[in-house]
Amino acid sequence: MATAAEVLQTKTEDLLIGALLRVPAQAIQRRLIKELNAAGFDELRLPHMAVLQFPGPDGARPGTIAERAGMSKQAINQLLSSLEGYGYIVRSDGEGSARVVHSTERGHAAFWKMVDILRDIEEEWRSELGPERFAQLKALLFVVWDSPLVR
């Protein structure tokens, strides 16, 4: 009979890094939308996260937002139109013919609510993993973030 540590080791080895990162990220996004909706931002849906994800759309060009999200400019423009219709953003002319996205007061309020939700999630993870292991997780993820691995 395998020990719990051996079972965990096998599961860890069998799961690829993509799943290990994707599943928690998707859970965080679902929770963000659920809590944003409960807080009165009820028009927001999961696809909007492509625009709202860090660092947010404020001051960015639609093409930059599309590149960050790994989506086509056409798809991002549909999401931007949706968010503009709901009052979260406005688009204005920038340099040359480029449009620039700006958050409205409602957009800024949603952003700060997301920050609060993410802080709550971090506190829950810290409690679940323990302060030392949570700090290690964040430190390792930052090393990956700041490395050529994500470029």
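Guide: Helices (H or I, at least four residues) and strands (E, at least two) are DSSP runs, numbered from the N terminus. The model is a predicted one, in which local features need pLDDT of at least 70 and side-chain atom pairs count only at pLDDT 80 or more, while totals for chains, interfaces and linings use all residues. Residues are numbered from 1 along each chain as its sequence is written, and side-chain values use heavy atoms, with hydrogens and water left out.

A pocket, on a 1 Å grid over the protein atoms alone, is an open set of points where a 1.4 Å probe fits, with protein on both sides within 12 Å along at least five of seven lines; lining residues have an atom within 4 Å of a point. A volume is the space filled by probe spheres set on the points, which are joined across faces, edges and corners.

The largest pocket holds about 2300 Å³ of space. Its lining comprises 44 residues, and Ala-25, Ile-28, Leu-118, Leu-141 and Trp-145 lie nearest the centre. Helix α2 gives the largest share of this lining, 13 residues. At least two lining residues come from each of α1 (4–14), α2 (17–38), α3 (49–52), α4 (62–69), α6 (105–129) and α7 (131–145).

Contact means heavy atoms within 4.5 Å. Leaving aside residues up to four places away in sequence, Leu-44 touches Ile-33, Leu-36, Asn-37, Leu-52, Leu-83, Tyr-88 and Ala-110.
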